[in-house]
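Student: Please give me a close look at a single part. Define each term as you go.

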Amino acid sequence: MSVRKQWIPLQHLGNKILPCLLASTALASGAFPLDARAAEAPVEIAQAATAQKRITFNIRPQPLAAALSQFGRQSGLQVTAPGGITGDLQSPGAAGEMTPNEALARLLAGTGLTWRNPDRQTVILVATGQEGSTTVLPPVRVGGEAPIASTAMLSSLPEAYAGGQVATGGQAGLLGNRNVMDTPFNQTSYTSQLIQDQQARKLDDVLANDPSVRPTAPRAYGFDFVSIRGFNVPSTAYGINGLYGLASNFSLNSLTSIERVEALKGPGTLLNGMPPSGGVGGSVNLITKRATDEPITQMTATYSSESQLGTHLDVGRRYGETGQFGVRFNGAYKAGDTELANQSQELATASGAVDFRGERVRLSADIGIENNNTNAMTRYVNFGNLTSVPSAPDAGAAFMPDWGYWNSNGKMGLVQGEVDLTDSLTAYAQAGMVTGSTEYLYSDATITNVNGNFNGSPRLNHQERDQIAYQTGLRSDLETGFVHHLVNFNAAASSSETKIINTTGTAFTSNLYNPVASPTPAISVGDPIKIGSTDMMSYGIADTLSVLDERVQLTIGVRKQYADTDSFNASGQTAAYEMDTWTPGYAIVVKPWQNVSLYANYVEALETGTIVGSSYANAGEILPPYKTTQKETGVKVDWGRLTTTFSAFDITKPLQVATAGNVLTGDGERRHRGAELNVFGKVVEGVRLLGGVMYVDARQEKTDNGTNDGKKVFGVSEYQFNLAAEWDLPFVEGLTLTGRVIHNSEFYANATNTQLVPDWTRYDVGARYELESPWSGKPLVVRFSVENLFNTDYWQGTATDKYVFLGAPRTYLVSTTFNF
């Protein structure tokens with residue numbers, strides 16, 4: 001245990017902070033093994049209450065469960081709260097130098113709870129009047145019977161915030177687990193409770209709560225793409241349990257095995273390494289489920305329009321004297337007609353997770369499989385050379401041919417482990433693989449006039465993709481003098497191979513509003529051929545230096561990135577590319593008050609340069625890597641049960657442009673300047689809010705011969721607004737009403753800004769009712785919701801010039817969860 005300095009008013013610091021931080025960095029470089037925490041003697045179990053060591057606590061007002069977890073980490077003690085006794089109780093917090101007994105008493109003030117000790121190794125929370133004998137708190141740790149180092153992550157999932165929809169923190173890649181108030185970025189972690197209560201079927205449904213995120217692919221399209229801060233982010237930029245370069249295009253159509261969805265806004269190359277296919281606007285990390293301390297057996301029956309029925313089984317158990325072994329299984333199946341005319345889907349998925357929580361070692365493994373078969377799949381609409389945009393057709397009356405289909409399967413495996421070398425030094429490693437195969441018959445629609453006529457070109461595509469990824473590193477929590485350090489060294493690598501074969505059939509014509517049937521195209525493809533392989537490796541190190549009991553935190557980091565890309569066709573290798581470069585990052589957090597965080601960051605994103613094609617004068621030349629830079633500043637305020645965050649950002653990304661003489665370069669530029677306001681938590685008891693608004697001015701700064709300089713970036717709305725609300729009716733116990741509004745302002749579909757797409761607004765409503773099951777005595781929850789209540793028809797933007805896709809029609813969702 002380390003004794004931290006008490007909080008000091010910022011006005012007394014003068015100009016001392018920066019010199020101290022710089023000096024401590026120099027000390028850290030030569031004294032990395034020093035661990036002042038490990039050198040201190042632990043509190044003796046048998047000491048009297050008056051002899052308890054005084055510790056500087058820094059626990060803000062917040063939900064009691066989260067406050068107790070922070071208490072456990074800061075004191076090194078274990079607290080058990082049986083039967084969900086903490087509920088929705090709030091804690092007033094505890095700040096200052098005091099004994100653990102005094103701190104716990106402050107945390108429990110006004111809650112109606114106290115504690116008892118059946119023996120000196122157990123502290124149990126109880127209602128006031130049931131405490132029995134209260135004795136000195138023993139030096140055990142939170143999180144089960146086994147000690148957990150301050151640098152652990154595998155058994156340290158941040159608690160849910162008030163309302164349960166968002167977590168109090170998340171994984172920030174190289175920076176490790178971070179509380180939202182200590183994270184110098186805009187990151188939101190959505191919980192499994194939100195996934196279940198909102199009946200989310202795909203990742204798009206979860207991210208529909210974030211104003212900075214929009215889907216850029218149709219729902220029935222098998223690949224996952226989103227836009228973050230106006231930049232396209234493909235699923236190759238997603239992580240699984242913090243391991244990036246692993247998430248597959250073929251394994252994200254079900255969320256049944258996902259505990260958390262973490263959305264980080266802004267470039268993340270320093271934190272997570274370079275994504276194989278780009279993704280400078282942000283990143284998404286998926287945390288898989290683990291067996292909980294309490295046994296779980298859930299079965300959920302689902303219905304969605306038009307007639308899709310499904311079921312989901314979720315079972316988890318822990319075994320061993322201290323529950324050190326855990327097993328979790330999730331399996332789901334659904335089939336039937338979707339909300340689109342002529343379309344049906346069959347989706348089957350299964351996943352399993354095992355884990356071990358030892359005294360100094362934590363291990364886990366995940367496996368998952370998924371099969372997705374969809375007919376009459378939807379695709380993109382190309383506005384071609386139109387100067388006026390046709391109205392969106394009836395979203396439920398599919399205009400795409402009914403002969404299209406999507407068949408895919410994917411398999412994923414991931415193992416990870418941590419070893420606590422000391423109480424404040426942890427070594428970790430992860431390795432995973434994903435393999436997927438998909439075959440789909442489709443056609444985009446190129447519009448020829450405002451009356452909705454379009455040309456179609458059938459295509460049959462067969463793809464196979466294999467990818468492996470792994471990382472290892474060290475996390476250290478140490479002191480150098482009065483400066484606290486969180487240091488993480490990380491080495492990561494990934495390797496992928498892609499095979500594709502694509503055949504085009506006979507063209508056809510039809511109409512958006514009055515579709516014309518066309519015959520099933522007589523095309524076929526053979527085995528896909530290898531078209532590319534990518535090998536990436538990087539080394540990163542980051543140090544977060546903090547003083548004044550973490551009131552001032554300075555993060556300095558850098559990553560060296562290597563990439564080797566090869567291109568192929570049926571005749572063999574056609575091109576090769578190698579690159580290496582540095583990507584630094586800097587961030588600062590200042591807390592003028594305990595519940596307020598001011599932050600700023602400068603980070604970079606990295607993308608591989610391209611090999612110039614044959615149509616340019618410099619054909620065959622390899623362009624240098626593209627570096628995207630972000631400057632961001634913001635403020636976060638935790639009001640106790642409600643948190644608000646505000647961010648302002650400026651992102652500049654290079655673009656390919658052709659100069660005089662038809663020479664292709666990477667000297668073009670687009671710039672996104674904007675601001676975000678987010679809110680989550682409880683407004684008052686029984687009322688929860690989640691959402692916000694984003695404003696972005698996205699401009700093409702440098703284009704071919706200056707043709708489009710100053711014009712808007714295609715596919716990006718100036719305003720995006722999301723707000724979801726839940727209200728627990730006080731006069732009907734167990735009944736909750738829900739609602740959500742999503743708004744996009746108008747945007748241009750093309751780079752020349754001649755195709756203006758109208759704004760749109762979508763309304764969702766719903767309700768859920770929780771009661772006691774007559775069979776098991778446990779909760780039974782019934783949910784009903786309607787998405788796009790008024791059946792609004794609208795176009796959504798994409799990351800491709802002139803391309804849009806049709807928003808989903810009114811959709812009914814019903815589910816019932818049984819607990820056994």
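Tutor: Start with the word strand: strands (E, at least two residues) and helices (H or I, at least four) are DSSP runs, numbered from the N terminus. Two strands pair if DSSP finds at least two bridges between them. The model is predicted, with local features needing pLDDT of at least 70 and side-chain atom pairs pLDDT 80 or more, while totals for chains, interfaces and linings use all residues. Residues are numbered from 1 along each chain as its sequence is written, and side-chain values use heavy atoms, without hydrogens or water.

Our part is the second largest pocket. On a 1 Å grid over the protein atoms alone, a pocket is an open set of points where a 1.4 Å probe fits, with protein on both sides within 12 Å along at least five of seven lines. Residues with an atom within 4 Å of a point count as lining. This pocket has a volume of about 1,400 Å³. Volume is the space filled by probe spheres set on the points, and points are joined across faces, edges and corners. The lining has 46 residues. Closest to the centre are Phe-225, Pro-234, Pro-276, Ser-277 and Gly-278.

Which strands supply at least two lining residues each? They are E12, E24 (425-442), E27 (459-480), E28 (483-504), E30 (529-547), E31 (552-569) and E35 (642-659). E30 gives the most, with five residues.

Follow E30 onward. E30 pairs with E31 in the antiparallel sense, over 16 bridges. Two residues connect E31 to E32, in another hairpin.

Now go back to E12. E12 belongs to an open sheet of three strands, in the order E10-E11-E12, with antiparallel pairing. E10 (213-215) and E12 (231-234) are the edge strands; each has a single partner, so one side of each has no neighbour in the sheet. The twist averages 35° from one strand to the next. Such angles run from 0 to 180 degrees between N-to-C directions, with axes as lines fitted to C-alpha atoms (for helices, over the stretch in contact). Three bridges join E10 to E11 (residues 225-228). In one of them, Val-213 has Ile-228 of E11 as its partner.
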